[in-house]
Amino acid sequence: MKRVLYIILLALSVSMLHAQSGVKKGNLLTYLQKAMNFNKVVPQEKVYLHFDNVGYFENETLWFKAYVVRTDIGRATDLSKVLYVELLNPTGDVVKLRKYPIDSLGVAHGDMKLDTLFGSGFYEVRAYTRYMTNWGTNAVFSRVFPIFKAPKKEGDYSEPTISRRLYANRDPNNRTSDDSLYQKAIDEGIYSDNLMKTISVQFYPEGGNLIVGKRSRVALLAVDDNGRPYQGEGFVMNEAGDVLAAVETDSLGRGLFEVVPDAGELTYQMKNLKTNEKSQVQFFTLPRALKQGCALSVDAISERMIATLQCSDSVCGNLLGYVLMNNGNIIRCDTLTAVPLVEIEMGRQSMPDGVNQMTVFDCLGRIMAERLFFKRPEPDPADDIRVVTKTARLKPCGKVEMELQTQPHANLSFSAMDAHTMTNGKQGNMKTWMLLSSEVRGYIPHVDYYFEEDDAEHRRSADMLMLTQGWRRYDWRLMTERYIFRKPQPIEDKMYLNGTLKEYRKHNPVNHVHMYVVMWNQYGQSMLGQTYTDSLGNYAFAMPFMNGEWRLCIYTTRKLKEEKRKTYLVGIDRQFSPKPRYITPAEAEIQHPLAPNAFVWNPADAFEDDEYVPITEKEHVLDNVTVKKRYFTNDDWRYKNEAYGRQYATLYYNIDRELDNALDEGERDPYMLDYLKKRNPLFTYREEPEPTNIYGSSAPLNYTHSTTYTAMSGVMLTGYSPISRRYVYQYDGKSVEWIFNNGERQNLADDVHRVGERPEGLFLSDVKSIYIVPDDPRTDDNRVRIYVYLHTTFTTESSKGLRRTYFQGFNEASTFQMEDYNVVPPMADFRRTLYWNPDIITDDKGKAKVEFFNNSSCKEMYISVEGMTPDGKVLVNK
């Protein structure tokens with residue numbers, strides 16, 4: 001009924017606009033129709049991930065389930081069929097990537113093994129469809145988790161530890177981005193010339209602009225030099241030194257003041273209490289007020305929700321339009337004739353739940369003022385998931401039975417955690433993400449607060465959030481001008497292999513080139529396909545759904561007489577991973593663990609068999625057994641794989657992937673040294689005169705030492721050529737020692753390798769992977785060791801008319817494993833996630849049964865259940 005009512009009201013509004021005459025009114029209608037059609041032509045998607053836990057240790061498995069919805073209809077998506085899930089390290093590098101199919105219910109589930117991470121820290125999990133990347137970093141799902149060092153003793157989680165070493169000192173920090181609210185505040189803040197700690201302030205005029213002579217509200221956000229919110233006092237002054245407003249920022253660094261700006265410059269003066277010296281003052285300049293325009297103010301606290309529009313003299317008399325939108329759907333629209341003061345009553349009760357957007361525009365489609373505001377959803381018991389424990393009390397390794405009660409045919413995911421081993425607090429749920437977090441920029445501390453109550457205090461806090469962290473998921477300019485993205489990404493209803501073919505030297509697109517692909521996997525399966533490039537050099541192959549990694553060869557040829565085979569740059573459009581966002585200090589902090597919500601422990605109810613006793617601490621009778629010795633004859637294993645270089649490495653580069661990234665962008669195969677220098681500024685090299693040759697004698701002054709390395713055989717060919725030069729390598733100011741393929745083992749007892757080969761002349765296609773070890777405890781010098789592993793079989797090196805690479809199909813989701821203690825006897829069991837089930841469907845009565853086994857020590861649990869009904873209603877357990 002709400003949907004039908006919305007369509008009727010919208011039709012009436014459009015009819016009223018049609019009834020009005022005049023060119024300007026027709027123009028307003030044109031822009032309104034474009035905005036209305038936007039969701040039909042370019043609907044958006046949202047992704048939410050439900051996780052099995054709130055924090056992890058190294059080598060554990062992270063489990064998740066994805067819910068993908070269309071924002072225009074609020075139901076499971078029927079657009080994208082491919083989901084991407086990434087794990088990013090603290091510096092913003094993608095260290096793991098998973099690809100999963102999205103089914104007809106709009107869900108997918110998978111897992112990540114948290115191994116080979118090269119250090120503990122705060123890692124980010126992102127999820128998106130390829131289509132979502134058209135809207136940038138802010139449009140994707142993101143959550144930060146602490147990943148602790150593996151416990152020294154198995155099962156001892158009492159002292160979770162995170163390495164506090166600075167990742168920025170080991171690798172460039174890719175998380176500094178203009179899209180970041182806090183980073184932008186830091187970058188644009190005015191700093192003092194001395195060495196005192198600085199404050200940065202960002203101003204957000206309500207409606208978008210300050211207008212000369214019109215009373216306006218301005219929100220501000222203050223952070224210190226570490227990006228943490230700054231609480232303090234300040235004053236707004238004009239050029240004459242008159243104080244126009246006093247401002248006090250809260251614990252989140254947010255403040256609000258009213259001001260009537262003149263044509264001069266306004267300055268904000270704030271005391272800095274962070275310095276050890278006497279309180280010093282910093283000055284910040286407010287945005288310059290416009291002489292003409294509209295100032296918008298919305299009373300988002302009252303039930304009437306009155307929007308006040310103040311128009312300058314040049315705007316008065318013009319026809320303006322305004323729209324109210326929710327998830328890109330226009331819920332109200334109208335026109336008005338601009339006068340000095342206009343009031344529009346919106347009414348809170350008529351607003352949809354979540355973030356709403358009001359846009360005022362003129363007959364040219366230009367934004368005159370714009371504002372976001374949030375409406376908290378009314379609690380509905382029908383949206384809850386009730387968890388009823390059928391087991392009377394917990395026993396070590398005992399069976400646990402629970403019953404879930406919610407709406408019929410709901411699609412749920414279930415997690416049971418050992419409350420005693422929880423290492424972090426919870427950061428919202430599906431409802432808080434879908435209605436709020438996905439509509440703002442940056443991290444929201446304690447997001448559940450905005451859903452607790454609907455009183456004036458909570459409304460005021462939510463409104464400050466909208467003023468300081470709001471972003472436009474639905475950009476009016478994009479909706480009304482053109483539906484064109486800078487580099488549009490398609491809706492992946494199937495897998496695609498597409499890109500652009502360019503000339504090798506001039507990089508010009510090449511048309512009408514015959515392309516055919518050959519793909520095969522480790523199981524002997526193969527596929528073939530062919531196509532031609534279009535007039536712009538573009539090509540595309542529609543691929544069937546497939547699992548695992550496939551080797552891929554792309555052949556190119558032009559069927560022209562007497563034309564030799566040419567080398568082309570075969571670009572592949574698969575570098576669409578969004579830029580990493582800035583992680584605020586508050587997001588990289590351990591939250592207080594939640595209290596258990598199931599089997600709350602009461603010592604008075606304890607029984608003797610509630611404690612698990614290990615086999616080493618009591619007598620057991622064993623059957624006769626036969627003991628066999630296991631002999632390890634391959635004692636030089638470390639020289640045959642990458643484990644030796646990885647053991648103490650702090651940085652790892654997957655060169656196959658890095659080369660693919662370069663070739664996908666239409667670049668040539670770079671030298672390994674040039675790649676390292678560009679990738680990591682800590683690595684440098686320079687040329688110096690060569691003092692001696694390999695035999696210790698001086699080299700001729702007019703000759704240079706040249707080095708050629710044969711990747712397949714490992715043979716080093718050395719000689720002289722004109723102009724004597726040599727290379728000197730450094731990493732973070734230290735000398736570098738190169739070790740290729742772990743070196744040749746000369747004396748296993750002394751642990752000696754052949755080292756010191758020089759990397760000049762190596763292309764990136766010769767290399768498989770690189771590990772950087774700044775401090776190698778296996779050696780006694782201060783040199784940085786760079787372990788380089790070279791290809792010996794299939795490589796991504798390309799030749800004339802051929803591009804070799806890999807194509808990643810779907811990753812296969814694992815199944816959560818636990819012992820069946822009905823079959824095996826109790827044993828030491830250290831599962832922190834006791835049970836994870838991503839595929840629960842309730843019956844006709846809305847019920848579902850859950851059964852699993854306890855670990856050997858859990859006495860209290862925390863249960864997390866989330867899901868969605870077939871019509872898109874979000875469900876969470878209390």
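The buried residues of helix α8 are I655, D656, E658, L659, D660, A662, L663 and D664, where buried means under 20% relative accessible area with a 1.4 Å probe and protein chains only. The model is a predicted one, in which local features need pLDDT of at least 70 and side-chain atom pairs count only at pLDDT 80 or more, while totals for chains, interfaces and linings use all residues. Residues are numbered from 1 along each chain as its sequence is written, and side-chain values use heavy atoms, with hydrogens and water left out.

Helix α8 spans residues 655-664, and with eight of its 10 residues buried it is mostly covered; helices here are DSSP runs of H or I with at least four residues, strands are runs of E with at least two, and both are numbered from the N terminus. The cover over its buried residues includes the strands β32 (568-572), β33 (651-654), β39 (767-773) and β41 (802-808), together with helix α9 (672-679). At the start of α8, the backbone nitrogen of D656 lies within 3.3 Å of a side-chain oxygen of N654, and just after the helix, G666 adopts a positive phi of about 80°.

Elsewhere in the chain, the largest nonpolar core has 59 residues, a nonpolar core being a set of buried Ala, Val, Leu, Ile, Met, Phe, Trp, Tyr and Cys residues joined through side-chain atoms within 4.5 Å. Strand β3 (residues 61-70) gives the most to this core, contributing six residues. The residues with the most contacts inside the core are V47, L49, F51, L83, L497 and I554. Leaving aside residues up to four places away in sequence, L497 touches V517, Y539, A540, F541, M543, L552, I554, I572 and F807, a contact meaning heavy atoms within 4.5 Å. In soluble globular proteins, nonpolar side chains tend to be buried together.

Taken as a whole, the chain has nine helices and 45 strands, and 51% of its 878 residues count as buried. Among contacts between residues at least 6 apart in sequence, 70% join residues at least 24 apart.

Terms used. Buried means under 20% relative accessible area, exposed over 50%, partly exposed in between (1.4 Å probe, protein chains only). A polar contact is a pair of N or O atoms within 3.5 Å; within protein, one must be able to donate a hydrogen and the other to accept it, and residues adjacent in sequence count only if both atoms are side-chain atoms.
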